[in-house]
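Please open the model in your viewer and keep the selection tool at hand. The stops below take you from one selection to the next and say what is there.

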Amino acid sequence: MVKIDPKARDLVSCRTTVNKHRSIGIFYGENPLQTPFSLLLLEMSLVILLSRLVRFLLKPLRQPRVVSDVIGGIIVGPTVLGRSRTFARKMFSDEGSFLVHNLGVLGFIYFLFISGVKMDLSMLKGSGRKHVMIAVCGAITPLVSVTLVALLFRTRLDHELEKGSSIWGVAASMSITAFPVLYPILREQNLLSSEIGRMALSVSIITDALGITFVIAFEAAKQGESRSKAALWHLVSLFGFIGFTTTVVRRAMTWVIRRTPEGKPVAQVYIIFILLGVMVMAFLSDFFGAAIANGPLWLGLAIPDGPPLGATIVDKCETIMMELFMPFAYASVGLYVDLFSLSDYWSALSPLFIMVITGFAAKLLSTLLTAHFLEMPFRDSLTLSLIMSFRGQVEYLLYLHWVDLKVLSPFSPFSFLSMVRLPGFTLMVLLSTVLTAVATPLVSTLYNPTRPYMVNKRRTIQHTAPNAELHLVACIHDQENVAWLINLLEVSNPTLSSPVVVYALRLVELLGRASPIFIDHEKHEKQYGENTSYATVHSALKLYQETRGDYVRIHPFTAVSPRRSMYQDICELALVNKASLIILPFHAEGIDINGNISHMVNSCILAHAPCSVAILVDKGPQRNQCVTRSFRASSRHFAVLFLGGADAREALAYADRMAGNPDVSLTVVRFLTENYERDDGLEKKLDDGLVTWFWVKNEANEQVIYKEVVVRNGEETVSAIQAMNNDAYDLWIMGRKHGINPVLLEGLSNWSENQELGVIGDYIASMDFSSTASVLVLQQQVLRGQRMPASHSIC
């Protein structure tokens with residue numbers, strides 16, 4: 001017989017303990033849900049499927065993943081499915097709740113560790129005055145506002161909330177914008193490389209630095225409530241712990257990087273020890289009385305971001321962490337959220353509600369007014385203030401920590417069936433989720449990162465003055481692209497009166513870090529000059545520039561960004577430097593790992609470029625040697641396929657520039673329909689004008705040949721092109737698609753696989769067209785108001 005002390009205040013529950021770890025099967029009369037492992041498998045399936053389903057349903061509403069996942073967690077809790085006593089008893093009994101809660105904490109631990117690995121603390125040094133002022137004002141204003149409101153309503157607050165340490169904790173949480181929350185939402189919204197996205201990341205790192213200070217003060221105040229010496233020892237041990245992490249651990253990680261040969265992956269044994277170290281750091285944080293996830297976050301910060309170590313850790317851990325453990329983290333939050341409890345406790349919750357709303361409003365307004373005062377446009381200032389109001393994983397973990405510390409209300413990991421309600425926790429989670437759910441689609445509506453690229457001024461080769469500098473942006477994915485770039489510059493006929501200015505942009509996919517990097521190598525040569533991956537490409541370009549003297553000037557850049565937002569760096573560089581042409585490499589599918597990246601980048605550039613675009617296809621299994629052989633021959637023979645329209649006119653204008661090179665022979669073939677069938681009057685008039693100008697200019701040039709071919713459909717167009725395919729040409733030049741008479745392409749639309757090349761460009765670039773010559777496809781600049789909407793899923 002068990003004797004229970006009647007004076008005991010804590011809830012006492014009696015339950016049957018199941019010692020079996022695995023069920024022998026339902027056909028033997030056993031319930032698999034009574035064994036912990038079988039129950040874990042079913043819970044795992046339910047939680048992951050629910051989070052996926054909610055994410056799918058909310059995707060059209062532009063909701064970030066954190067919102068849909070936490071709603072999925074709330075669904076399994078007492079608000080929806082948990083209202084059924086049978087479901088709660090079977091699925092989330094004491095053992096079930098225990099498993100979900102602990103796996104959820106493990107998910108939060110590794111989430112903050114990975115976030116720490118991705119953070120680039122060097123952004124603190126590079127932060128400008130504007131960033132610092134926005135961060136400080138956006139943090140101090142809500143801190144002061146919430147504290148004043150709390151003091152005003154202090155007599156109505158809960159016994160634990162009215163304590164000074166609790167008020168400080170709530171006020172501090174309202175002032176912080178956590179980088180681990182901001183980064184994934186900006187990545188989903190494809191804003192990482194945008195001007196607002198970069199600023200928001202920089203500001204959030206500064207607020208995180210302030211936030212860590214606020215949290216340490218809160219933890220110390222809580223420790224000191226029982227004994228003042230406890231707060232002192234807490235601070236001493238905490239700073240010692242942080243010092244050990246930033247010195248010893250950081251040096252150990254640097255040693256691991258030095259031990260790793262360049263271009264080789266980090267040894268598996270080091271990764272295993274680091275992942276084990278995450279749990280050790282979590283234990284030490286809990287041991288010293290800090291929030292359990294602090295240690296893993298500091299460990300992540302001690303690991304240098306990016307390749308090789310940071311990228312390897314993120315690559316090996318992020319998927320299993322986000323897809324397996326984080327759903328349990330959201331479920332552990334949802335198990336303690338009971339929306340029906342709010343009405344019963346509203347009178348006691350109203351002061352907390354006012355504090356939170358005051359904090360949100362103060363954060364929003366202070367960021368908005370500060371940014372606008374610093375001469376940011378109002379629309380951008382409002383967008384930034386909404387982004388800085390995002391709430392998510394860090395806040396949810398913090399609220400769980402508050403419940404552990406009884407800041408909100410008594411908490412037990414087995415409270416689900418006994419229905420111990422947590423209305424304060426529910427309120428905080430609800431308000432944070434609603435704020436993020438409302439702010440995210442507003443950001444998408446207010447801010448379009450491609451808006452600055454929509455210009456009205458002509459930036460094309462056709463409209464560039466003959467004796468003016470030609471500004472080009474050339475994109476380079478790898479070292480192989482350098483050869484075709486140099487060869488294309490050679491045939492572009494740079495002269496003293498019309499030199500070519502090239503902005504060579506090396507594109508590197510962002511791996512193992514959160515913040516995109518844009519490097520101007522002329523300004524940061526000392527910082528990045530020794531990096532072999534950058535130096536090889538730019539040394540080759542520098543050597544070529546020295547051989548060409550004043551004819552060619554090359555300015556090297558590197559953009560390290562996510563593949564979805566690479567186009568923003570390219571368009572921004574072209575816009576700022578008033579480029580007339582962006583040159584992109586094309587990788588046929590299956591050629592190399594850059595294929596998928598180039599297809600995505602090319603499609604987005606074609607949709608948003610502030611100038612004309614050229615795509616160069618280097619054909620064949622020996623494509624590198626092909627371009628070298630084709631372009632470096634003593635005499636080069638190029639063919640221009642003029643099918644009409646703006647893109648064809650741009651192609652002819654570029655070919656006319658090449659015709660000035662004495663080593664280039666040019667054959668221009670214009671395709672016309674019989675009796676000018678279905679010709680657009682305006683387009684034909686513009687075509688006739690340019691063709692006449694071109695022929696009058698080059699009539700005396702024996703190396704230029706002009707022909708006209710009349711066809712009745714797409715089949716005859718292809719036949720005429722095939723008749724030209726006699727290995728006499730080194731480069732095929734053509735327009736992409738705009739303005740082409742549909743009769744010329746009739747019956748060919750089903751042949752096109754690569755939309756960025758257009759129908760004819762794709763045919764000539766394909767293996768069906770047995771030519772080893774390279775292909776250059778041009779699209780003339782599309783002015784503001786003439787653009788077709790790009791696919792939202794791609795760009």
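A salt bridge, as the term is used here, is a side-chain nitrogen of Lys or Arg within 4 Å of a carboxyl oxygen of Asp or Glu. Glu-716 counts as partly exposed at 24% relative accessibility, where buried means under 20% relative accessible area, exposed over 50% and partly exposed in between (1.4 Å probe, protein chains only).

Before moving on, please note that this is a predicted model, in which local features need pLDDT of at least 70 and side-chain atom pairs count only at pLDDT 80 or more, while totals for chains, interfaces and linings use all residues. Residues are numbered from 1 along each chain as its sequence is written, and side-chain values use heavy atoms, with hydrogens and water left out.

Searching the whole structure gives 16 salt bridges. Select Arg-65 and Glu-323 next: they form a salt bridge whose closest N and O atoms are 3.2 Å apart. This pair links distant parts of the chain, 258 residues apart, with Arg-65 in helix α2 (residues 65-76) and Glu-323 in helix α13 (residues 309-334); helices (H or I, at least four residues) and strands (E, at least two) are DSSP runs, numbered from the N terminus. Arg-65 is buried, at a relative accessible area of 16%, whereas Glu-323 is partly exposed at 26%.

Now go to Asp-687 and Arg-649, which form a salt bridge with the closest N and O atoms 2.7 Å apart. Asp-687 belongs to helix α27 (residues 681-698) and Arg-649 to helix α26 (residues 646-659), so the pair ties together parts that are 38 residues apart in sequence. Both Asp-687 and Arg-649 are buried.

**A buried threonine and the cysteines**

Select Thr-433 in helix α19 (residues 423-446), which counts as buried at 7% relative accessibility. Leaving aside residues up to four places away in sequence, Thr-433 touches Val-67, Val-70 and Tyr-396, a contact being heavy atoms within 4.5 Å.

How many disulfides does a search of the whole structure find? The search finds 0, a disulfide being a pair of cysteine sulfur atoms within 2.5 Å. Cys-571 is in no disulfide, and the nearest cysteine sulfur, that of Cys-611, is 7.7 Å away. Cys-571 is buried, with a relative accessible area of 0%, while Cys-137 is partly exposed at 29%.

**Two loop residues**

Glu-375 has a positive phi of about 70° although it is not a glycine. Glu-375 sits in the loop between α15 (346-373) and α16 and is exposed, with a relative accessible area of 73%. Lys-578, which is not a glycine either, has a positive phi of about 50°; Lys-578 is in the loop between α23 (566-576) and β5 (581-586) and counts as exposed at 56% relative accessibility.

**Colouring by confidence**

Finally, colour the model by pLDDT, the predictor's confidence in each residue, from 0 to 100. The protein has a mean pLDDT of 82, and 88% of its residues reach 70 or more. Over residues 620-633 the pLDDT stays under 50, and the model has 30 contacts for this stretch beyond four places in sequence. Where pLDDT is low, the predicted coordinates should not be read in detail.
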